[in-house]
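We will go from stop to stop, with something to pick at each one.

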Amino acid sequence: MLEFLFHRIKSNLLLYLLLLVGAILATAVFSSIPMYSNSIMQRVLQQGLENEYNQTNDYPGLYDFTWDNSRSMDNSLIEQFQVSYHDYITADNNMPLILNQYLYKSNNVRIERRAGEINSMTCKIATLSSLSEHIEILDGRMPEPSFSDGVIEVMIPMNAMIELNLLMEAEYNLQKNGINVITVKVVGVFEADEASVYYWQEDLYENMKTSMVMNEADFNAIITSVTDVYVSYVQLRSFYDYTAVKVDDISKTIIDYELMSDWKDEKSSKAFMSLHMYDGLKIFNETENRLIITLLILTIPIMIITMLYTFMISRIIVKNDENEIALLKSRGGSKWQIFFMYVIQSTLLGSIAFIVGPIFGSLICRVLGATNGFMSFVDRASVPININLEVRLYALIAFVLYMVCVLIPAFKACKTSIVQYKVKKNIVVTKSFWERIYLDIIFLGISFYGYYGYMIDQDNLGDAIVSGGRIDPLMFLISALFLLGANLFLIRMYPYLIRFIFFIGRKIWGPVLYFSLLNVSRAEQTSKFIMLFIMLALSFGIINSSQARTLNLNTEQRVYYNDGPDVIVSPYEDPKLVPDNYINMFLDMYPPDGIRDILTEKVGYFNYENLEGIDGITRVFTHDEVNLNERGTVISNVHMLAIEPDSFLDAAWIRDDFLPEHPNVYMNAMIKAPSGVFLSSQFRDDYGMTEGDVIRLSWDQSKKEADDGEFVGIIYGFIDVFPTYNPYHMVEIFKDQQVKEIIPETTPFALANLNFIEETNNIRNIDIWLSKEDGITDDEIQEQLVEKELEVKRVFYTNQDLIDAKRDAQLQGTNGVLTMSFVIIMLVTIMGYLIFWVMTMKGRALKFGIFRAMGMSFSQVNQIIIIEQILMTGVSIVFGSLVGIIGSKIFVPMLQKVGSPADQLPPFVVVILSSDILRTIGIATGMLLIGVIVLYVIVRRFKVNQVLKLGED
C-alpha cells in the first residue's frame, strides 16, 4: 500500500506540490491570526501603558494593598492578609519584580516635649521597608535597634520635623490616655530621594509628615508589649516591570487581582486594593477579543478561496486516479483500504503544512505589521512574533479544514465501482450538492435578513455600541455570505443563459461557436468550480479594497475634522514684545494709544504668514464656556468658534458636503453680515430660536489673562457640522459607584466672526491655523520656527494624531488582513486558474486531435479556446466585478455603525475607487491573457498522429 502510495505521489508530483502549497497557505493564514493579534496588541499594550505613565505619573505596574482602621487590628488577620497577598499577587507573577515595599503605622499618640507639656499635635510610629536605600539623609543617621535600652531611636522626614515642630537629638515621651508609653529620640532627618521614583509613588513622602520611623524590630516589640499602641495602618506594595507584561499574561493577572480583591472584601470592609493598570488591562482584554473576532471574520474570504483551491487540486488528483481506484476495487480492494491510502498521503502533506505553515505565518505577520493602509507599507519597527500554543491550535484547525477538503473527493471516489465509473463517464451534467440543497438561496436569504435587521435597527445598534454592548457578528458576515450566495446563484443560472443563446441561433452558428456554446452549456462541475473561483476572487477583492479605503479615508478625515488644519500655533501675546517697526507700519491705520495691544495678535500672524511651504493661514478663537442670552433665556457652556471668514477655508480642512450649502455660502454670509452667528440646531429645537433673533454672547477671559468679552449678534442659520465641533460628548452614568452606561450628550455650538468680535473686545489666546503645501513635512515647519526664533506656547501638528490613529490595533489589523487577503486571493486564483486549464486542455487532447483529423484548422481550434475563455473566464470577470461593486454599495456603508455617535463626524463617506476596481479587473484580465497564451502553446504542441494513436489505445 505504501509503495503504491509513493508511486502515486511520484507520478503526480507537481499536483501534490501544488496541494502542499495550498495547505501551507491555509495554515499560514490561519495561524497568523493569533500571531498577528498578539504581536500588534503587545505593541499597543506597551504604548498604552507608557502613555498612561507619562500622562498621570502613576506607575502602571504597582499593586497597592492598604488596610486603614482606627481600631486595633487583629495580628492574625494581618498575617492572613500578608500570606494571601503573597499567594495571589507575588508568588506566581510573570512580570519581573522591581521592589516589594511594606509600611506599618500605629494608632495616634501624643508628644510630650517637656515634663507636663503635651503637644496638641499627634503622631504615629511607623516602620518602612528598604528605607535606607531610597532616602537622602539631611542630618544624623539611620535608627538602630534600641528597645531594650528604654529610649527608642527614630528617624523623621523633613516635613514631619516642620509639621510636628521636632528637634534633632531631642528625646520625646509619647503618651496614650495621659500615660507615657514609650520614649523616642530623633537620630536622623531625611528627604525622599528624587531618583527613587517608584518607591515614593502616590505621595508616600507627604503622607509620612506625621510619622516617626523606627527599626522594624523595635516597632514589632512595641506592638506586642505596649497595650495601648497597636497597628492601625498596613500598606503592602509591589512594583513590577510593566514593560515586561505579556498579552498572554493579562487574563491571569486580572484573575489573580480579582481573586485577591474578592478575598479582601470578605475579610474586611476597611481594606483597599488597587492595581494601577487594572482598568487599562480590562479594556485591553476586551479590545484584543474584538480584534481576534474581526481578524477571523476578515480572513473568511482567504480561507474560502484557499479551501476551494485545495478542493480543486484534490478533485483533479482523484479524477486522475479514478481509473486506478475502480481497478483496485475490481481486484478486491475495499473502499476503506483505498480511502486510508488518501488519509495517509493527506496527513503527510498536512503535517508538513502544520510544521511549516506557522513559519510562513510569521513572515506574513511581519509584512502586516508594516501596513499603513490598503496596499500601503511604511518602514515601521517589526512586531514581536511568538509561535505559542494558541498559534499551533489555529494551525491545527487549518489542518483539519485542509483534511476535510482533500478527503471529500477521495471518499466519494472510493465508493465508485468499476461499473459505476464507466456509467459516470457517459453522464454529461450532474447537479452538485450545493445546487441540490439550494445553498446559494440560503446564503442570500441570510445576508438579506441581516441587512434588513441592520436597516430597521440602526439606532438600537448604535446605542448598543455606545453602551458597550456587543455587535452581532452577523453584521460582518452578511457581506461575505452575500458575495458567496450571489456568485453561486449566477453559476446556477449561467448554463441556462448559454443554452438560451445556443437555442436561438442553433441554425446559424458555425462549427466553432456551435461547439463552444454546447460545451459551455454542458460544462462539468469542475468548469463551474473554476468560474466560481474567479468570481469570488474578484468580488472579494473589490469589496475588500472598498472596505479598506472606506475605513482609512474616514479615519483620516475624522482626525482632520477634529483637529482642523495641518498645524496649530499658539503664540505668546505680550504687547511689550511688539517690534517698533510694526508700530510704524500701522500708525495710519490705528490710533497711537493702545496700538501695541491691537497689533499683538496681528504680529503673530505676520510672522507665520511668511513661512515657506504654507499655502493657507487664518486666525481662530475658541472658548468652551460661553453664555448665550436670548430674551432672558441663558444657555451656558456653549462652544464658540470665532473665525476669519475670508481666510478660514484656506487653512481649515473641510468637505463640500458637510453643510446643506457649499461652505463658501456661509463664509460669504459672514463677510457681508459680520454680526451674523450660526448656531447648532439644538437652539432651534430645544429653545425655539429662529433666524433673525438677536442674541448676546459673553464669556469670562479671566483665565486667559484678559478682560471679559461679549458681543451682540444675529442668528443667520443653524448648522450641526463644522471643523473641530463634535456635538456629542460621552457621559458616564454611575450606579452604586460603578459605571452603569455611557451615553452621548450634545454640546451647544456657535460660529461667529472673529473680526467683528475684535472691534469691541480685546481678545487673547487666538490660535493661528496653517495648512501645508503638498510634500512639506512637520520637521520643515518646526525648523523654520526655530530659525526665525518664533517663541510659541504650543505647536500642534495634526499629522501626529493621524499617525496615532493609524497605530490603532483594529485599523492596523484590518488594513493588514485586507491587504493580505487581496494579495493571497489573487495569487491563489492565478495558480488555480492555470492548473485547471492546463489539466483540462491535456484531458481534451484527444478531442482536439479528432477535430484536427476531421479537417478543422489550427486557427479554428484556437478560436474555440478563445471563445471558451471569454464565455467562462471573461464572463466570470464581469460577474465577479458586478457582484463586488453591488456588494460594496450595499454593505460597506454598514461600517459607519462600528463606533459611537461621537465617532461619526464628519459624515461617513463610502469609497469605491475605480482605480481599485480596474486594478482588480486588470489582474484578472492579465490572468486570462496568460491562460490563453499557455493554452495556445499546449494546443500548438499537439501531434495529430500521436493523439489518434492514444485514442486507439
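Start by selecting helix H2 (residues 13-56) and helix H11 (residues 389-414), whose axes come within 8 Å and cross at roughly 150°. H2 and H11 are therefore roughly antiparallel to each other; angles over 145 degrees count as roughly antiparallel, under 35 as roughly parallel, 65 to 115 as roughly perpendicular and the rest as oblique. The axes are lines fitted to C-alpha atoms over the stretch in contact, with angles running from 0 to 180 degrees between N-to-C directions. Helices here are DSSP runs of H or I with at least four residues, strands are runs of E with at least two, and both are numbered from the N terminus.

Now show side chains at this crossing. On H2, pick Leu19, Ala23, Ala26, Thr27, Phe30, Ser31, Ile33, Pro34, Met35 and Asn38; on H11, the contact is made by Glu390, Val391, Tyr394, Ala395, Ile397, Ala398, Tyr402 and Val406. Contact means heavy atoms within 4.5 Å. By class, the contact has 14 nonpolar, 3 polar and 1 charged residues, where Ala, Val, Leu, Ile, Met, Phe, Trp, Tyr, Cys and Pro count as nonpolar, Asp, Glu, Lys and Arg as charged, and the others, Gly among them, as polar.

A word on the model: it is predicted, so local features need pLDDT of at least 70 and side-chain atom pairs count only at pLDDT 80 or more, while totals for chains, interfaces and linings use all residues. Residues are numbered from 1 along each chain as its sequence is written, and side-chain values use heavy atoms, leaving out hydrogens and water.

Next, select Asn159 in helix H4 (residues 158-164). Is Asn159 buried or exposed? With a relative accessible area of 15%, Asn159 is buried (buried means under 20%, exposed over 50%, partly exposed in between, using a 1.4 Å probe and protein chains only). Leaving aside neighbours within four places in sequence, Asn159 touches Tyr205, Glu206, Met208 and Lys209.

For the aromatic stop, a search of the whole structure finds 22 aromatic pairs. Rings of Phe, Tyr and Trp (its six-membered ring) pair if their centres lie within 6.5 Å; planes under 30 degrees apart count as stacked, over 60 as edge-to-face and the rest as tilted. Pick Phe482 and Phe891: their ring centres are 5.2 Å apart and their planes at 50°, so the pair is tilted. This pair joins helix H16 (residues 474-504) to helix H29 (residues 858-891), 409 residues apart. Phe482 is buried at 6% relative accessibility, and Phe891 is buried at 5%.

Then move to Phe648 and Phe722, with ring centres 5.4 Å apart and planes at 20°, so this pair is stacked. Phe648 lies in helix H21 (residues 648-651) and Phe722 in the loop between S19 and S20, so the pair ties together parts 74 residues apart in sequence. Phe648 and Phe722 are both buried.

What is its phi? Thr724 has a positive phi of about 75°, although it is not a glycine. Most residues other than glycine have a negative phi. Thr724 is partly exposed, at 21% relative accessible area.

Finally, zoom out to the protein chain, with its 31 helices and 24 strands.
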